Amino acid sequence: MAFSLAGAAYAQPAAVGLAADPNLLRWDPSIRYGVLPNGLRYAVQHNALPKGGVALRLGIGVGSFDEADDERGAAHMIEHLAFDGARSFPEHQLDLIFAPLHVAWARDRTATSDLKATIYQLDLPSTDASELSIATKWLSDVAEGLAFADAAVARERAAMESERRGRAADTLRALRAKMDAFEDGDLRSAARLPIGTPESLAALTPARLQSFYDRWYRPDNAVVVMVGDLPIDVLEQKVKATFGDWAPRGPAGVRAPRTPPTSSRSAEALVLTEASLPAIAGICRVAAPDDVSAAPDQRLHALLLRGLWEAILQARINTLKSRKDAPFIEATLNDEVRPDSLKTCFGVIPQPGQEVRAVGMIEAEIRRFAAEGPTEEETDAGLEQVRASVRGAIASTSHDSRDQAAEILTRGLDNLARLTPREGLRAFDILMEDTRPATVRAAFARDWSGWGPLAPVSSPKALAQETVRTAMTSDEYKSTGAK
């Protein structure tokens, strides 16, 4: 999907926005979107906060999810190598080159990779033309000029293996990994952590990394964002001059199947005995992911409805928590959208020795919500709560170029355009105007589906898994609210 160049001088990104009807949603007019002949998508914006600064972002639409079995860890390793293997900068000299520009590693120059994307960040405190040229030259090298020397690859392989061992030695992180493995089952996303495995890291030769790089680091798989204290025409011309000649090297990569949860999993429990750690528990569902091919306004509507039912259900659980005999200290609802799944979980901190009762009471309340849906009063209160959150963004949104660039890029990688906070509030009012309890219940049924409920429990004392599973499926701990 490409950014649209049709329309006014500040192009309206109809092909990337949330709806084709401008009467429904209006885009941030200060952002200019475009697409180069080579397929590179870009967005530029003039912003004077901080004065004289420029924020640059390069997003590559590949992460660990699309790695082959013998490439696991490749996206993360290439991200590391970008800081010491660029063709225009001598090895080990990048820090020395950027230091006089007052660009510090981690603060102003960094990168991240996850399941879906790899993002490079560079923030300049100056709009000096020569300094901007150095910055864009490095981003250009990242895009099409990385070198995979044997010594550099060996060095980064050792660094990643050390990072992986450090994570494995962290008791709490290791516990969370076991819980995730139970919840995620045989999903591809469960077996595609960016850090890779000892076997896959050993297999990442320079040639294999070059092959991955050539397939995925392509202009038609990238988004560039520049936001800063320069005229928007200057920023746009800089994008064109820097990336206009970027050409693909061979065939494009083939996406891995986005296979959603398919096998049948009903109520299951996992109990881990960890004497050195406090008790924790989860109640999860793993469903099919959001439909990214849906009309953009439908995508936004689905997200708003998800936020609404989550707010209503969280309020119900908070009421249970207010009971004097509540078996849990905290229970917080969160969701995570991956390429192949939507995982929604309550993270629970039980009262000491109350793990079974905590899981049973919360799951009983979830079943009651599924059967009855919210009341009119709950729906109205939930709508006001979510609307207040959207309204609060008007005052709290950062106008710093770095934050603006990050948000524009994140949305761009998802083929969405950025709304101003006020337009976000207007969109909420339009899309949610006719929301009724039945609508909320239907959204809940869509999201809280698939595998589950799945209840991983960590307890300092031994606990039978069947006891937890039985508590999840019976009404023994059903409650009628606060006491």
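In the predicted model, the axes of helix H3, which spans residues 129-144, and helix H8, which spans residues 232-243, come within 10 Å and cross at roughly 45°. Two packed helices are described in just these terms, by the angle between their axes and the distance between the axes. Angles under 35 degrees count as roughly parallel and those from 65 to 115 as roughly perpendicular, with oblique as the term for the rest, and H3 and H8 are therefore oblique to each other.

The contact itself is made by Leu132, Ser133, Thr136, Leu139, Ser140 and Ala143 on the side of H3, which meet Lys238, Thr242 and Phe243 on the side of H8.

The strands may be considered next. Six strands form an open sheet, in which the order is S1-S2-S6-S3-S5-S4 and the pairing is mixed. Strand S1 (31-35) and strand S4 (109-113) are the edge strands of this sheet, each of them pairing on one side only, and the twist from one strand to the next averages 15°.

Strands of a sheet pair through backbone hydrogen bonds, and the pairing can be either parallel or antiparallel. Within this sheet, strand S3 (residues 54-60) and strand S6 (residues 222-228) run antiparallel and are joined by seven bridges. Arg57 stands opposite Val225, a residue in S6.

Key. Residues numbered from 1 in each chain as written. Predicted model: local features only at pLDDT ≥ 70, side-chain atom pairs only at ≥ 80, totals over all residues. Heavy atoms only, no water. Axes fitted to C-alpha atoms, helices over the stretch in contact; angles between N-to-C directions. Helix = DSSP H or I, 4+ residues; strand = E, 2+ residues; numbered from the N terminus. Parallel < 35°, antiparallel > 145°, perpendicular 65-115°, else oblique. Contact = heavy atoms within 4.5 Å. Pairing = 2+ DSSP bridges.
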